[in-house]
Amino acid sequence: MKVNQVLHIFRKDIRHLWREIAASIALLVAFAWLDIRSWSRPYGAVATGISVLLSGEMLPGLVDFLLPVSWIFLIVRIVQGESLVGDRQFWVTRPYDWKQLLAAKALFVLAFVNLPFFLVDAFLLAYASFHPVHYIVGLLWLQLMWIFLLFVWLTALATVSNSIAQLLFALLLIVLDVIGASALSSIIQKSEFSASVNWWWGLFVTGVAVTVILVQYSRRRTALSRWLIVGLCALLTLISVASSRATPDRSSIVRQYPLSAGNEPVELGLMRNDKHEGQLIPIYNNEVLIDLPVSVSGISKDSFLRLDGTIVTLTTSNGFRWDSEWKANSDWLFPDQKTAHLGFQVKQNVFDQLRSGPVTADFFLAFTLYEDKRRQEFIVPNGEFRLPDTGLCKTENQYSRGIHCLAPLRKPAFLLVSSDKANSTCLPASSQTPAPRGVFLHEFVQGQPGPAEMGISPVRPFDIVFSDWDWSARRPVSPGICPGTPLTLSNPEVAGHRGVELQMNNVSLDEFRERNPAGP
Amino acid sequence: MTSAIQTDHLAKKFRRVEALQGLTLDVPQAAVYALVGPNGAGKTTAIKILMNIFRSSSGRAQVLGIDSSHIRGRHLESIGYVSENQEMPEWMTVGALLSYLRPFYPAWDHALEAALIKQFELPLDRKLRHLSRGMRMKAALASSLAYHPRLIVLDEPFTGLDPLVRDELIHGLLDRAEESTIFVSSHDLAEIETFASHVAYLEAGKLRFSEELSSLVERFREVELTFDVPPALPQPSPENWMQLSAAAAVVRFTESRFDPDRTTAEVRRVFPEPRNIAFSPMSLRSIFLAMAKSGRNSA
């Protein structure tokens, strides 16, 4: 009778690795228990000193680390149970069908890694009052992410190594390669412009891992498979280093951020600084920091902007010219905002040449425009409540005076929470000065794209806390979100990219050296 | 198909080392074919190419009519393989190993399995890691014989085993000899001599000869000639005479193409007046030593 090798090998592997399976599942259960406990811990609630040990503060982190390690261990053990490396393996001279062998290994991983993981995640969602059936797609997506971002690659490495020690050594080499590439990139980087990673690169990388697995199981061509992995690492390193060196020219940036003369999304004007308050920030790393305060106006009421980057050109009256490279940024500009700051660094020797007289500063500012969609007013209630399109929340007054939320599978793709400072219903601290009306605070919550965020727990805790600076007390404060505080919620969407050119004449760089803030 | 195994100028190179050079041999069906040679001769390399564990650098090999580079999966249902350095699943008991392998082979014979367990006295409930070397080899052999393989390949199966265990293994093999071709490698000539029907000698990756053991033993003799006065040794000596030497009035050599009449006539032609001519049969070990020392190919 022809045997179903898949099930036969699968049963054998269970008999062989039942202890490892039990340990992995026990860790998963421990993770679930600790995760549930962590949901109620708000932002800022951190134990210190001996409390770290007494409260088991280290335990969640330890389990978070050990759980994937147990999966890695299980996957490596199952693959290397019928090792594909070497010439002494018992099974290579037995009538194994390689496709059925591979299927048996895949079945094992699905049954004892993915399935328990999936079930525990479904339980956690249910426990957090999110019905798992409504989030099936996200739960499956999470499993797929783990499979394609980790398990496939781990399996590929396990097929070209004949022991856990060898696999760990291979992992170490890969980590060193990544560190080296990163270090090299940061040394030779010419600009901060970073190209986005296309999805097909991920597909290519995964394709190589799958190819390695298939080559090993069908032909056991270990040398070829190892070279495939080395080649891929070398290619990725080369591309990473080359792209960090690449400086996009201005024309390509303008193509991405087209100018729209006469229809700029924002109007900016240089504000002269006659007061020179605050201490000059010292020169560091041979670079002088320049800070140009600008007035802001003209932003449409239902939109806001993110400054993605700037290019600055400084020209003196005698023709000396200095160009900065693309400088990445991430400042936000809102309709209620009156001022902003444009900052950049100049090498000291260049600064010394430019400071002697006034310069003309030409800015190219690259903005991403956002439209405020689905705006709704929301009054924070007492107790637990559902925040629309977000999750379950409650106010937290012990540590941060904000909102502590639990979201199913992912934080909102983009949630903007705004509030007039003066409308906070939290009792102000005695040293806090009352806030004037019309000054808005904004807090973003941005999640990863896709039906689920990468991670283990399907329940994503996050906090919404407004941050502000108390000038009189010279410290950060949170105006607070308490029951009764009115909020404006919206889900901004990208409406386009725009470039804005701005010229400022007769700028004295000495006047605009960056200083530590002295007060409003 | 008359040959169980055929190779044609099979070669294998590991970096700069030529482990096999132009190996051409033919293993008839139902033979007990011994591949012998010193350590490092290339015996294991040859076997691993036949079992598609290694890829050859050049040349071809066929096993049971199939190109050896295509041997995999279902082809292995007809081949049993036991090697001295094979990594067995140490965590399994003997019984678990046999139970696990059983479904892989459609021709598995439960009665034969039971007979082998009894013959080899295998402890079914003991883990393989707790078995002695000899017991482990017997377990491996039982798991490779129970399905009536057409070809049994053994790579140094007797290394490190005591004579009793060797005897048990040989008997276990010989019981299957009628239905299987046996291909065994060894550097233990004394054991091979007791059961092989064919022998091939491999040295430094090259095949020195390959023939039936009976004809090999038949054509080699130690020859001792006694004279009244010490004779002059012929220069050159006949090609088929190896290790020609003289001690006083006695001349000795190894004859590699022995025939009573022809050899006697040749002796008398070279040495006209020997007082006495004595022919003695040689063991396999003596034959190989003579060949190795003479550095000549007797084929």
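In chain A of this predicted model, helix α4 (residues 98-127) packs against helix α5 (residues 136-159) at an angle of about 140°, and their axes are 10 Å apart. Helices here are DSSP runs of H or I with at least four residues, numbered from the N terminus. The axes are lines fitted to C-alpha atoms over the stretch in contact, with angles from 0 to 180 degrees between N-to-C directions. That angle makes α4(A) oblique to α5(A), oblique being what is left once angles under 35 degrees (roughly parallel), over 145 (roughly antiparallel) and 65 to 115 (roughly perpendicular) are set aside.

Let's look at who touches whom. From α4(A) come Val109(A), Asn114(A), Phe117(A), Phe118(A), Asp121(A) and Ala122(A), while α5(A) supplies Leu139(A), Leu142(A), Gln143(A) and Phe151(A). Contact means C-beta atoms, placed from the backbone, within 7 Å. Seven of these residues are nonpolar, two polar and one charged; Ala, Val, Leu, Ile, Met, Phe, Trp, Tyr, Cys and Pro count as nonpolar, Asp, Glu, Lys and Arg as charged, and the others, Gly among them, as polar.

Between the chains, the contact takes 21 residues from chain B and 15 residues from chain A. The chain B side has 14 nonpolar, three polar and four charged residues.

Now to chain B itself, where Pro106(B) sits in the loop between α2 (94-101) and α3 (110-120). Pro106(B) counts as exposed because it has 12 C-beta neighbours inside 10 Å (exposed is 12 or fewer, buried 20 or more, partly exposed in between). Pro106(B) and Tyr147(B) are 41 residues apart in sequence, yet their C-alpha atoms are 7.8 Å apart in space.

Residues are numbered from 1 along each chain as its sequence is written, and chains are lettered from A and ligands numbered from 1 in the order in which they are written. Local features need pLDDT of at least 70 and side-chain atom pairs count only at pLDDT 80 or more, whereas totals for chains, interfaces and linings use all residues.

Definitions and conventions
Helix = DSSP H or I, 4+ residues; strand = E, 2+ residues; numbered from the N terminus. Contact = placed C-beta atoms within 7 Å.
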